[in-house]
Structures are given as structure tokens and as C-alpha cells.
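Biologist: I'd like to go through the charged pairs in this one. Can you walk me through them?

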Amino acid sequence: MQTLQHLSKHIVYLTPVAETDRPILAAVSGAKKTLIIDAGNSVQHAQLLQDKLLQTNMSGNFLVLTHSHWDHVFGLENIGIPVICHEKTYNNIKDMQQLSWEDQALDQRVAEGTEIPFCADAIKLEHGTNRKISLPLPDITFEKKVTIDLGNVTCVIEHVGGDHAADSCIIYVPEEKTLFLGDCLYANLYAEKWNYTAEQALLLVKKIEAYDADTYILSHHEQPARDWKWRRSLS
């Protein structure tokens with residue numbers, strides 16, 4: 001069962017689900033505003049976070065996407081607040097709007113090597129047979145970095161790229177020394193064999209190490225990492 005975990009006074013997150021590839025969804029709250037991190041892999045997933053937040057008298061004012069993979073954006077239809085993303089994420093979602101997500105189309109893309117079998121299976125399991133997936137475009141885009149003041153709490157959103165997704169972004173909360181890594185540290189899953197490249201990995205580590213953080217949250221890990229041991233986090 002998914003639960004809402006209170007990481008600190010200002011940060012809560014909804015635990016992930018491996019079976020249907022539901023990533024962590026989170027909320028960072030300041031004195032004035034709340035920023036939601038990622039839209040989820042379905043309308044039901046997005047709604048679950050909203051319901052859990054309402055139980056604690058919280059609601060979002062903005063939402064930021066860590067990247068454009070399906071499990072982070074398929075809940076966009078249920079998001080009634082401004083959505084922020086990197087410009088590459090915006091363009092990727094625009095391309096995804098043209099795709100069919102029915103079984104036949106998914107199976108064809110798996111056969112062609114443009115879709116991952118695990119993702120296709122998770123979409124079928126999460127969305128069932130009566131599948132209606134709508135992907136509205138985000139409202140605000142940025143190129144490199146943007147900072148949001150939530151009221152005594154700030155969120156620094158930076159594009160970092162990486163092997164997993166070229167549009168990957170991280171979110172740093174300096175007041176909490178907490179860094180949301182999204183999926184940026186995961187491998188390239190669309191290669192014939194899942195892999196990392198030394199060049200991309202080293203650049204990514206350098207960018208992450210520039211932040212003064214002591215808590216790291218990866219989207220598909222149950223528990224936050226309390227120190228910067230990225231190889232251990234990926235094991």
C-alpha cells in the first residue's frame with residue numbers, strides 16, 4: 001500500500017510501486033506555496049497524491065516534471081495547476097501526444113525496439129483495457145536552471161541530462177539539504193543492453209556533487225539515501 005511519508009517539516013513523498021512502475025511523487029511546502037514533483041503514471045496515481053495531501057491540509061500550487069518518461073507524466077490530465085518542465089521535456093510530451101497507447105501499438109513499438117517490454121506491461125497493468133491517456137502540454141519551460149521561492153523554502157530546478165533521459169532534471173531544497181534526483185542516475189533502458197556511458201556518468205556526478213545535500217531521493221527507491229554513494233544507491 002502506498003503511504004505518504006513525512007521526510008521533514010517541509011517535504012512529504014508518496015512511496016513508489018515497482019509492479020506498475022509508479023515512481024515517488026513528492027510535495028515541498030513553504031510558507032506561501034507548495035511545489036509538487038512529478039505527475040505520476042496515471043490519473044489514479046496523481047489523484048492518490050492529491051487525496052493524501054488533502055488529508056494533511058496540503059495542496060499544490062505548481063508542479064515540476066523531472067523528465068518525460070511515461071511513468072512521470074501520464075497523470076498530467078489530472079493536474080489542475082501550472083506545470084513546469086525543461087524545454088526538452090515539453091517537446092518530448094508533444095511527440096508522445098501523437099502515439100497510441102493501445103495494446104497493438106505498444107506491442108508494435110516493443111517489436112521495433114522503441115518501447116521497453118517492462119514499460120509496455122506496466123502501462124497495461126496500470127491503465128487496464130479501457131485505456132484513455134491524455135497528455136496536456138506543460139505551461140512553463142526553462143532551459144538550464146530555475147529557482148522557485150515557496151516562502152522561506154526554495155527549490156532549485158536544474159537540467160542535468162544523463163544516460164537514462166536527456167531531459168532529466170533534479171530539484172534541490174537548500175533549506176533541507178535534500179536533492180530529488182528523479183531517474184537521472186539510472187541506466188539507458190532503451191539500449192539493446194541497459195548501460196551507462198563513462199562520459200555522461202562523470203558529468204552527472206560532477207553536477208550532483210556541486211550541491212550541499214545530505215538526503216538524496218531517487219524516484220524508484222523505497223528509502224531516501226542519507227549519504228552520497230551513488231554506486232550504492234544504484235545497487
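This is a predicted model: local features need pLDDT of at least 70, side-chain atom pairs count only at pLDDT 80 or more; totals for chains, interfaces and linings use all residues.

Biologist: Which residue does Arg22 form a salt bridge with?

Modeller: Arg22 sits in the loop between β2 and β3, and its partner is in helix α5, so the pair ties together parts that are 104 residues apart in sequence. Both partners are buried. The closest N and O atoms are 2.7 Å apart, and the partner is Glu126.

Biologist: What about Arg131 and Asp103: how far apart are their closest N and O atoms?

Modeller: These two form a salt bridge. Arg131 lies in the loop between α5 and β7 and Asp103 in helix α4, 28 residues apart, so the pair links distant parts of the chain. The closest N and O atoms are apart by 2.8 Å.

Biologist: Is Arg131 buried or exposed?

Modeller: The cut-off for buried is under 20% relative accessible area. Arg131 comes in at 8%, so it counts as buried.

Biologist: And which residue meets Asp107 in a salt bridge?

Modeller: Asp107 is in helix α4 and its partner in helix α5, 17 residues apart. The N to O distance is 2.7 Å, and the partner is Lys124.

Technical notes: Residues are numbered from 1 along each chain as its sequence is written. Side-chain values use heavy atoms; hydrogens and water are left out. A salt bridge is a side-chain nitrogen of Lys or Arg within 4 Å of a carboxyl oxygen of Asp or Glu. Helices (H or I, at least four residues) and strands (E, at least two) are DSSP runs, numbered from the N terminus. Buried means under 20% relative accessible area, exposed over 50%, partly exposed in between (1.4 Å probe, protein chains only).
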